[in-house]
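Dear colleague,

Please find the structure below, handed over for your records and further reading. My notes on what was found in it follow directly after.

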Amino acid sequence: MPLQAREWKQRSFDVHLSCYTDSLGTITEWLTFDNMHHQWLLLAACFWVIFMFMVASKFITLTFKDPDAYSAKQEFLFLTAMPDMGKSPGENHFPEEPKPTGKMLSDSRLTPPLVYMERLELIRNVCQDEALRNLSHTAVSKFVLDRIFVCDKHKILFCQTPKVGNTQWKKVLIVLNGAFPSIEEIPENVVHDHEKNGLPRLSSFSDAEIQKRLKTYFKFFIVRDPFERLISAFKDKFVHNPRFEPWYRHEIAPGIIRKYRRNRTETRGIQFEDFVRYLGDPNHRWLDLQFGDHIIHWVTYVELCAPCEITYSVIGHHETLEDDAPYILKEAGIDHLVSYPTIPPGITVYNKTKVELYFLGVNKRDIRRLYARFEGDFKLFGYQKPDFLLN
């Protein structure tokens, strides 16, 4: 092949090789650029996801607040109590709970339902009745202070009135005090064991601390028809005795029978008429001293809670507990933290037939003496005089 032809062919090959090399370089550069572009897009997407997660987390934090701060907002305060319940601007609060006492109410509801105001007004009127003074007034003694349980965290005082659904209220306070996380998890044997249930008594504080709590805390207790309560106490302690408290049958019952049974040949255990005769005796106190604190199941509400000496915020009634329990929780500012246990249908309704049946064999004189002792309870809390038993 001529030299000129070979040189031309070599140049043509070099040109094609140069073009191929240039094209390959261009493709490589384009691919490198494209990969970097995808990497930047991926990195930007990651930053966007992180940013959105941070925003969402902040929103969740702001939405789901600590339940304990529920009542901390500034609203009007209303206490269903007498004027001395109000707090002056300079009054000191306990450092662990700076919230004011009672339920924080919105502007739309500054007064409680009329029935609760009427109950407090009735108590004030009866307390001022000199004719009933001996039946409505009592000293705020250690016996009374022992009946009042304290929840410092939520500034609540609860006066125990046995045989009026108090076990359930104690469970509510046990949960509020933090001893157990829920009512369902509280063992029954712990509720009334005051070394384990985490419920301090008001009597365990100094005089100054007692007075401060009495003046500033939300205070309540529950009542029921006085005679129906006595029937419940008799059945629970001397007939069924579900918590196995043998001292009621083996110590207290024999003491009542020895003094108050009229038919000495009768060998049966304690009867309701024996019980009524004991409670109606004006000289019953000497036996009460022997029985000690066990008498809390049948002494008057006056003796237990001193309603004329202590200004209570709310008085609940067993007969209307379905309405009263939620109202009390709201007024105490704890309805968002705990609920009152479910009330079986009909269990709180006053049973006149049962009352008549239990008093059927009891001497009228003994019933009148019993009413004379509990008249203060009937009058203070608006229960009708049981004329169907007395006449």
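Tyrosine 358 is partly exposed, with a relative accessible area of 25%. In this predicted model, the ring of tyrosine 358 pairs with that of phenylalanine 272: the centres are 5.4 Å apart and the planes stand at 80°, so the arrangement is edge-to-face. Phenylalanine 272 counts as buried because its relative accessibility is 7%, under the cut-off of 20%.

Phenylalanine 272 also pairs with phenylalanine 359; here the ring centres lie 5.1 Å apart and the planes are at 85°, so this pair is edge-to-face as well. Since phenylalanine 272 lies in helix H10 and phenylalanine 359 in helix H14, the pair ties together parts that are 87 residues apart in sequence. Phenylalanine 359 counts as buried, at 3% relative accessibility. A search of the whole structure finds 28 aromatic pairs.

The side chains of glutamate 228 and lysine 354 meet at 3.6 Å, N to O. Glutamate 228 lies in helix H8 (residues 226–240) and lysine 354 in helix H14 (residues 352–359), so this pair joins parts that are 126 residues apart in sequence. Glutamate 228 is buried, with a relative accessible area of 2%.

The search of the whole structure finds 22 salt bridges.

Another of the salt bridges is formed by arginine 213 and aspartate 152, whose side chains meet at 2.9 Å, N to O. This pair also links distant parts of the chain: arginine 213 is in helix H7 (residues 207–216), while aspartate 152 is in the loop between strand E3 (148–151) and strand E4 (156–159), 61 residues apart. Are these two partners buried or exposed? Both arginine 213 and aspartate 152 are buried.

The salt bridge of lysine 196 and aspartate 193 has an N to O distance of 4.0 Å. Lysine 196 counts as exposed, at 54% relative accessibility, whereas aspartate 193 is partly exposed, with a relative accessible area of 23%.

Two lysines are placed over aromatic rings. The charged end of lysine 352 sits over the ring of phenylalanine 388, 4.7 Å from its centre. The charged end of lysine 259 sits over the ring of tyrosine 260, at 5.5 Å from the ring centre.

Turning to the strands, how many residues of strand E5 (residues 218–223) are buried? The count is 6 of the 6, so E5 is largely enclosed by the rest of the structure. Both of its faces are covered: Phe218, Phe220 and Ile222 are buried on one side, and Lys219, Phe221 and Val223 are buried on the other. E5 has strand partners as well. With E4, E5 pairs in the parallel sense over 3 bridges, and isoleucine 156 stands opposite phenylalanine 218 in E5. With strand E6 (residues 314–317), E5 is joined by 4 bridges, and these two strands run parallel. In that pairing, phenylalanine 220 stands opposite valine 314 in E6.

Two further helical regions deserve a note. Aspartate 236 has its place in helix H8 and counts as buried, at 12% relative accessibility. Apart from neighbours within four places in sequence, aspartate 236 is in contact with Lys163, Asn241 and Pro242.

In helix H13 (residues 321–331), the buried residues include Leu321, Asp324, Ala325, Tyr327, Ile328, Leu329 and Glu331. After H13 comes glycine 333, which has a positive phi, near 75°.

With kind regards

How values were computed: Residues numbered from 1 in each chain as written. Predicted model: local features only at pLDDT ≥ 70, side-chain atom pairs only at ≥ 80, totals over all residues. Heavy atoms only, no water. Buried < 20%, exposed > 50% of the residue type's maximum accessible area, 1.4 Å probe, protein only. Phe/Tyr/Trp six-rings, centres within 6.5 Å; stacked < 30°, edge-to-face > 60°. Lys NZ or Arg CZ within 6 Å of the ring centre and 35° of its normal. Contact = heavy atoms within 4.5 Å. Pairing = 2+ DSSP bridges.
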